[in-house]
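Dear colleague,

My notes on its charged side chains follow.

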Amino acid sequence: MKLAIIGTGYVGLVSGACFAEVGHTVICVDNDPAKVKVLTDGGIPIYEPGLEEMVKANVAAGRLRFTTSTEEGVQGSDVIFIAVPTPPLPDGSVDLSYIEKVAREIASAMTSYKIVVDKSTVPVKTGDKVSETIKRYCKAKVEFDVVSNPEFLREGFAVDDLMHPDRVVIGTKSLRPVNAMKQIYLPFNAPIVVTDINSAELIKHASNSFLALKISYINAISVICEATGANVQEVANGMGMDERIGRRFLDASLGFGGSCFPKDLSAFIKISEQVGYDFGLLKEVQKINTFQMDRFVKKISETLWVLKDKTIGVLGLAFKQNTDDVRMSPAIDLCLRLQKEGAILRVYDPKAMDKAKGVLKDVTFVEDMDSVPEGCDALVVATEWEQFKKLDLERCRGAMTHPIMFDGRNMFDPAEMEQLGFIYKSIGR
Ligand code: UDX
């Protein structure tokens with residue numbers, strides 16, 4: 001099928017590449033000419049495993065191209081996906097101005113029947129607004145359908161998530177676009193949920209909030225574990241074996257971050273408020289998340305007593321492994337808090353150093369993981385990169401002024417760390 005994707009962020013670019021990979025012809029539209037040039041020249045503006053190869057192969061095969069022209073995308077395609085940002089406003093609600101602008105642009109470019117699909121995460125009832133807007137601004141007065149098709153990919157695993165989705169959600173008012181949507185997703189062999197637009201939009205916010213809730217739940221359990229000598233990983237393993245619960249998203253940490261969970265939680269709380277419901281449960285999820293970071297910082301300051309002029313090594317800056325994204329990263333938040341107390345920071349991340357340089361000032365960016373511990377009073381693990389498990393711990397202990405480690409991701413074994421002579425503090429163990 002001929003598809004246009006408007007917006008080449010994580011969702012747009014990965015969707016475009018994967019749709020092309022399974023044989024569709026895809027035009028990706030972005031209003032940033034510099035980004036379009038990078039992509040056209042074979043570059044990738046984000047780090048995402050497997051994406052660069054996939055984009056290059058599909059550009060070479062003539063199934064994927066990039067343009068700054070919405071008109072070109074719309075007129076050359078049967079189905080137009082909207083994948084533009086929906087950032088938070090200061091009051092927690094969602095800024096829908098990019099969606100509205102794209103809806104107007106699509107409307108004025110349409111000269112024949114189109115299916116307009118919203119892939120961005122939006123508040124329930126946005127589909128109605130998109131529909132109204134297209135009707136109002138469509139010069140040619142042609143027919144169209146609006147579909148909600150939320151995306152569930154995780155950064156760092158985006159290509160794999162998109163190629164092997166747990167389910168595909170298609171929200172629509174009429175039956176007309178259903179066959180085309182099914183045809184687009186047929187090669188992915190995933191269960192397809194066809195529902196109304198409002199339910200489809202809600203599925204996304206309800207799912208992300210539930211996953212954030214799962215993390216806050218285990219983080220709350222980690223508090224009880226620390227107070228009682230239990231081990232949160234053992235508890236999570238035992239809980240996770242119950243198929244009704246499942247083990248995934250039960251890893252206690254210094255808190256969740258990223259461009260989705262914090263934003264989607266605030267948005268869902270706001271949406272609920274607007275329909276007259278105080279979603280106190282989700283407010284508690286946010287509170288536990290903040291408390292988890294506070295507890296971690298307190299652990300560090302109680303152990304080191306005074307942070308001023310202490311040298312602290314920080315492993316990990318991205319909001320999680322396998323990504324170079326530092327937006328709402330707990331690791332960055334932690335660095336800023338330690339810095340505020342006067343700590344001197346030596347930081348490292350396998351992929352996120354460049355992006356972190358934009359937000360962290362007056363820290364030493366260390367080029368390799370093994371040099372981070374040199375002269376440190378303590379070492380902190382802030383992101384769960386697999387490679388951190390390969391840290392040469394003997395060498396690390398020797399290089400540090402004091403062998404103290406704060407592990408915000410439970411990457412190491414407490415007994416082993418103690419045996420190696422470390423003062424080792426992790427989460428819920
Ligand atoms: C999330 C959703 O998972 C995805 O379905 C949606 O499309 C976008 O939002 P993403 O933000 O890319 O994806 O990352 P995710 O893997 O969900 O992790 C979010 C945060 O939670 C990270 O900071 C991560 O480190 C943290 N996390 C995750 C935990 O602290 N514990 C866990 O068990 C899982």
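With a relative accessibility of 42%, Glu-374 counts as partly exposed. Please note that the model is a predicted one. Glu-374 sits in the loop that runs between strand 11 (364-365) and strand 12 (378-381).

Across the whole structure, the search returned 30 salt bridges.

Within helix 6 (residues 126-137), Arg-136 and Glu-132 are four residues apart, which separates them by about one helical turn. Their closest N and O atoms are 3.9 Å apart, forming a salt bridge. Arg-136 is exposed at 58% relative accessibility, while Glu-132, at 40%, is partly exposed.

A salt bridge also links the side chains of Glu-226 and Lys-299, at 3.0 Å from N to O. Because Glu-226 belongs to helix 9 (residues 197-228) and Lys-299 to helix 12 (residues 280-304), this pair ties together parts that are 73 residues apart in sequence. Glu-226 is partly exposed, at 28% relative accessible area, whereas Lys-299 is buried, at 15%.

In the pair Lys-263 and Asp-264, the side chains meet in a salt bridge of 3.9 Å, N to O. Lys-263 counts as buried at 17% relative accessibility, and Asp-264 is buried at 2%.

With kind regards

Key:
Residues are numbered from 1 along each chain as its sequence is written. This is a predicted model: local features need pLDDT of at least 70, side-chain atom pairs count only at pLDDT 80 or more; totals for chains, interfaces and linings use all residues. Side-chain values use heavy atoms; hydrogens and water are left out. Helices (H or I, at least four residues) and strands (E, at least two) are DSSP runs, numbered from the N terminus. Buried means under 20% relative accessible area, exposed over 50%, partly exposed in between (1.4 Å probe, protein chains only). A salt bridge is a side-chain nitrogen of Lys or Arg within 4 Å of a carboxyl oxygen of Asp or Glu.
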